[in-house]
Amino acid sequence: MHTHARSQALFAAAKTRMPGGVSSPVRAFKAVGGSPVFVTRGAGAWIEDVDGNRYVDYVLSYGPLLVGHAHEEVVAAVQDAAAKGTSFGACNEYESALVDKVRTVMPRIDRLRLVNSGTEAVMSALRLARAFTGRDKIIKCAGNYHGHADCLLVQAGSGVATLGLPNSPGVPNSTVKDTLVVPFNDLSAVETVLYQYAGQIAAMIVEPVAGNMGVIPPVNGYLEGLRRVTKEHDVLLIFDEVMTGFRVHPGGAQSLFGVTPDLTTLGKVIGGGLPIGAYGGRADIMSWVAPEGPVYQAGTLSGNPVAVRAGLATLDLGLNKDMWAGTASQTALLMEELASIATRWSVPMQVNGLGTMFSCFFTDAAVTDWTTASTSDTDLFAKIFNAMLKFGVHLAPSQYEAWFMSTAHDAAAVTHTLHAFDKALKEAVG
């Protein structure tokens, strides 16, 4: 039986020092009850907490760790970079190497600018889109989360949904008045908005595979339809691939579905677990970015050599064709077996996923958008989450987060997970 005495003591102390005791809200376990575990180390598919408990990890830093925790080649790259200097605020040769690596697998991106986070990448891409088009309004989908920039905290998913906040205090109405919200996977709604605000919309931003209300793939023809109707209205199409980049396909969702956006935002995997982000796309649009153009964006730590080297090592390893395919195959097997166990326990559950990421929704309804995702039984999820933790499996503490696999999740890790899930359902509903 796992005990968490030291984690509980550390959390109590942290709450006197940090808001809610955490550096990011979902970590506080408010959606599932109890106290968070404090992680002390990771290796491959496993993590260990400060009380000595070990878990198969499906959080993987919310996606970046495509090759698992502390892969020796990633660690070596970080150590080598750090030994030469952690930051220069100057150009380094590895920036272009990382950009070249991304453009090799995402050839639809002409030029790329490195930044420090996914939120920063999205904020910068939207500023660029507004400048390039001379328009102010943007379209987003309900349940899609694009970071915590003010104009995007409208019907966002993930942590916002977990905490039950439809938006956030401190965001002025004037900031979000130009943000138009439509349902995900509903092309007709997009068309209606495009006609209603013809000539006023700069861009539509979308997670091509939703990941922040749980994993929800696009319905057939949706992304292709978005590309067609946005072109018809001279509206830029932005794919937020901060999560899906290299997760649903080695070349991202745009390669998987063969749809070319005007701009793309990236993060997570391209830093291998260190803070990073990027935005890029058509050369004529990117030429508007300073110092080449008038759209200002800067960052002291952008292109940081340690983060860039970690990202390069992760992509070199994780995008190996056979390794990536093997991880995707393990993911599909796990999804199938989890669904089978749920059926055996008569637990209504939908398993959605693509590539190396997936989600389990505890509902009878097929999950295709935020409305159907929100039919999930969050109380049941909380029970299963806590039981899984007790049986040695670490999940994100929210119904609306994705589960991630890595190249290190071998048959033993999957088997351990399936046994834990069977015991967790027995405890929750048996």
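A residue is counted as buried when its relative accessible area is under 20%. The model I am consulting is a predicted one.

**Entry 1: strand β10**

I looked up how strand β10, residues 277-281, is placed. I found that 5 of its 5 residues are buried, so the strand is largely enclosed by the rest of the structure. I then asked which residues of β10 cover each face. On one side I noted G277, Y279 and G281, and on the other A278 and G280; all of these are buried.

Next I looked up the partners of β10. Strand β4, residues 111-115, pairs with β10 in the antiparallel sense over 5 bridges. Within this pairing, R113 stands opposite Y279. Strand β9, residues 263-267, is also joined to β10 by 5 bridges, and these two strands run antiparallel. Here G267 has G277 of β10 as its bridge partner.

**Entry 2: the sheet that holds β10**

The strands of a sheet pair through backbone hydrogen bonds, in either a parallel or an antiparallel manner. In what order do the 7 strands of this open sheet stand? I read the order as β4-β10-β9-β8-β7-β5-β6, with mixed pairing. At the edges stand β4 and β6 (179-182); each has a single partner strand, so one side of each is left without a neighbour in the sheet. From one strand to the next, the twist averages 20°.

Strand β8, residues 236-240, pairs with β9 in the parallel sense over 3 bridges. F239 has T264 in β9 as its bridge partner.

**Entry 3: the sheet of 4 strands**

I then turned to another open sheet, which has 4 strands in the order β1-β2-β3-β13 and mixed pairing. Its edge strands are β1 (39-43) and β13 (393-394), each of which pairs on one side only. Between them, I examined β2 (residues 46-49) and β3 (residues 54-57), which pair in the antiparallel sense over 3 bridges. The bridge partner of I47 in β3 is Y55.

The charged end of R54 sits over the ring of W46, at 4.3 Å from its centre. I noted a further case elsewhere: the charged end of R309 sits over the ring of Y94, at 4.6 Å from its centre.

**Entry 4: aromatic pairs**

How many aromatic pairs does a search of the whole structure find? The search gives 8. One of them is F132 with W288, an edge-to-face pair with 5.7 Å from centre to centre and 75° between the planes. I looked up where the two residues lie. F132 is in helix α4 (residues 118-133) and W288 is in the loop between α10 (283-286) and α11 (305-318), so the pair ties together parts that are 156 residues apart in sequence. Are these two residues buried or partly exposed? F132 has a relative accessibility of 25% and counts as partly exposed. W288 is partly exposed too, with a relative accessible area of 30%.

I also recorded the pair F362 and F381, which is tilted, with 6.5 Å from centre to centre and 45° between the planes. F362 belongs to the loop between β12 (357-361) and α13 (370-373), while F381 belongs to helix α14 (residues 378-390); the two are 19 residues apart, and the pair links distant parts of the chain. Both F362 and F381 are buried.

**Entry 5: helix pairs**

Two packed helices are described by the angle between their axes and the distance between the axes. The crossing of α14 past α15 is right-handed.

I then looked up helix α3 (residues 93-105) with α11. These pack at an angle of about 30°, with their axes 9 Å apart. Angles under 35 degrees count as roughly parallel, and α3 and α11 are therefore roughly parallel to each other. I recorded the crossing of α3 past α11 as left-handed.

Note on methods
Residues are numbered from 1 along each chain as its sequence is written. This is a predicted model: local features need pLDDT of at least 70, side-chain atom pairs count only at pLDDT 80 or more; totals for chains, interfaces and linings use all residues. Side-chain values use heavy atoms; hydrogens and water are left out. Two strands pair if DSSP finds at least two bridges between them. Rings of Phe, Tyr and Trp (its six-membered ring) pair if their centres lie within 6.5 Å; planes under 30 degrees apart count as stacked, over 60 as edge-to-face and the rest as tilted. Buried means under 20% relative accessible area, exposed over 50%, partly exposed in between (1.4 Å probe, protein chains only). A charge sits over a ring if NZ of Lys or CZ of Arg is within 6 Å of the ring centre and within 35 degrees of the ring normal. A crossing is left-handed if the near helix is turned anticlockwise from the far one by less than a right angle, and right-handed if clockwise. Axes are lines fitted to C-alpha atoms, for helices over the stretch in contact, and angles run from 0 to 180 degrees between N-to-C directions. Angles under 35 degrees count as roughly parallel, over 145 as roughly antiparallel, 65 to 115 as roughly perpendicular and the rest as oblique.
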